Amino acid sequence: MKQTIVSGMRPTGKLHLGHYLGVIQNWVELQDKYDCYFFVADWHALTTKYDKTEDLRQNTLDILTDWLACGIDPEKSTIYVQSLVPEIAELNIYLGMITPQNWVERDPCLKDMAKILKTKEGQASQINFGLMGYPVLMSSDIMMFNADFVPVGIDQVAHIEITRDITRRFNNLYGEFFHEAQPLLNHCSLICGLDGNKMGKSFHNDIKISDTAEVTSKKVMTAITDRSRLRKDDLGHPDECEVAFKYWKIFGSEDEVNTVRCECEKGQRGCAQCKRQLGDKINSRLAEIREKRKYYENHIDEVEKIINEGSAKARVKAKEILSQVRKLVKMY
Ligand code: TRP
Ligand code: SF4
């Protein structure tokens with residue numbers, strides 16, 4: 001019997017290289033070892049964006065298209081949309097009943113989100129009941145499939161702590177049933193943005209999986225290099241080359257990285273030429289993924305079919321768990 005993994009992403013739009021290298025690549029590998037459930041957390045998107053739902057459907061399709069292109073495989077994993085598995089909402093009711101208010105109030109992730117909301121919307125903004133329930137809903141996602149492990153970034157670990165607390169509380173109240181899920185840390189953001197800061201869509205410093213080769217090459221030309229270098233035969237300092245050399249270390253072979261280092265240090269390599277090569281390198285690494293993405297973009301009905309079939313498959317398992325939960329809680 002394989003152990004179970006559950007993980008999800010909010011549908012915030014097309015994915016960038018940070019998502020691919022930091023999260024998705026990890027998921028792709030996990031598929032062979034675990035029974036994996038990967039989903040788009042569209043209810044979680046509503047906790048803050050309930051008033052901006054016009055992009056929700058497209059964002060969900062975009063993120064799933066990216067996953068499929070990157071190698072998340074519907075033959076190996078169960079891929080679904082959270083809101084298409086309404087059993088999660090019922091489990092959320094039972095878990096909400098046994099979660100003390102101060103557990104969610106203490107959640108540091110939630111405090112951060114509340115702060116961001118406040119600065120965005122002004123002092124008057126309130127935290128809605130739904131947002132308060134964020135960690136409980138996340139626990140429902142995880143416990144719905146009785147997960148053993150949850151691959152997440154370090155920023156999500158506090159949520160999983162609450163999930164473990166809720167699990168223990170459920171098991172104490174109603175009998176041992178749920179596994180205590182453990183976080184499985186993604187080697188978090190390996191790659192910085194083109195400007196040296198954290199890569200993020202809203203910072204306009206990202207390279208998207210869905211960008212064309214031309215766009216990628218252009219973006220790479222804007223990457224920060226060794227700022228002390230003014231002319232191409234100035235001696236360079238790769239370790240102070242803030243972005244371009246870091247990217248080389250991610251995308252180049254050991255030999256290529258050594259060559260870049262040597263030529264840069266000896267002043268035999270101009271930054272423009274260096275970044276042109278780097279762009280080609282990144283493009284060849286992404287070529288296959290992008291080709292696959294193009295295919296799915298042109299066959300969006302196939303993506304929809306995968307979503308619907310995956311969600312139906314998820315429901316079968318969810319119904320099984322839920323009927324046991326109802327029995328344990330002694331519902332009618
Ligand atoms: N909160 C997660 C994030 O913002 C997304 C998420 C929702 C999730 N439910 C989950 C992740 C369950 C793992 C397991 O990234
Ligand atoms: Fe960076 Fe390449 Fe320029 Fe050296 S030559 S500073 S590694 S971009």
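A cavity is a set of points, on a 1 Å grid over the protein atoms alone, where a 1.4 Å probe fits but cannot get out. The model is predicted: local features need pLDDT of at least 70, side-chain atom pairs count only at pLDDT 80 or more, and totals for chains, interfaces and linings use all residues. Residues are numbered from 1 along each chain as its sequence is written, ligands are numbered from 1 in the order in which they are written, and side-chain values use heavy atoms, without hydrogens and water.

**View 1. Ligand 2 sits in the largest cavity.** Sitting there requires more than half of its atoms within 2 Å of the grid points. The surrounding residues (a heavy atom within 4 Å) include Asp226, Arg229, Cys241, Cys264, Arg269, Cys271 and Cys274. The shell divides into 7 nonpolar, 1 polar and 3 charged residues; charged covers Asp, Glu, Lys and Arg, and Gly counts as polar. Helices α11 (244-251), α12 (254-265) and α13 (271-298) each supply at least two shell residues. Helices are DSSP runs (H or I) of at least four residues, strands (E) of at least two.

**View 2. Strand β3 (residues 78-81) has buried side chains on both sides.** Thr78 and Tyr80 point one way, Ile79 and Val81 the other. Buried means under 20% relative accessible area (1.4 Å probe, protein chains only). In a regular strand the side chains alternate between the two faces of the sheet.

**View 3. Strands β2 (residues 35-40) and β3 run parallel.** They are joined by 4 bridges; pairing takes at least two bridges found by DSSP. Phe38 stands opposite Ile79 in β3.

Technical notes:
1 Å grid on protein atoms, 1.4 Å probe; cavity = no way out; pocket = protein on both sides within 12 Å on 5 of 7 lines; lining within 4 Å. Buried < 20%, exposed > 50% of the residue type's maximum accessible area, 1.4 Å probe, protein only.
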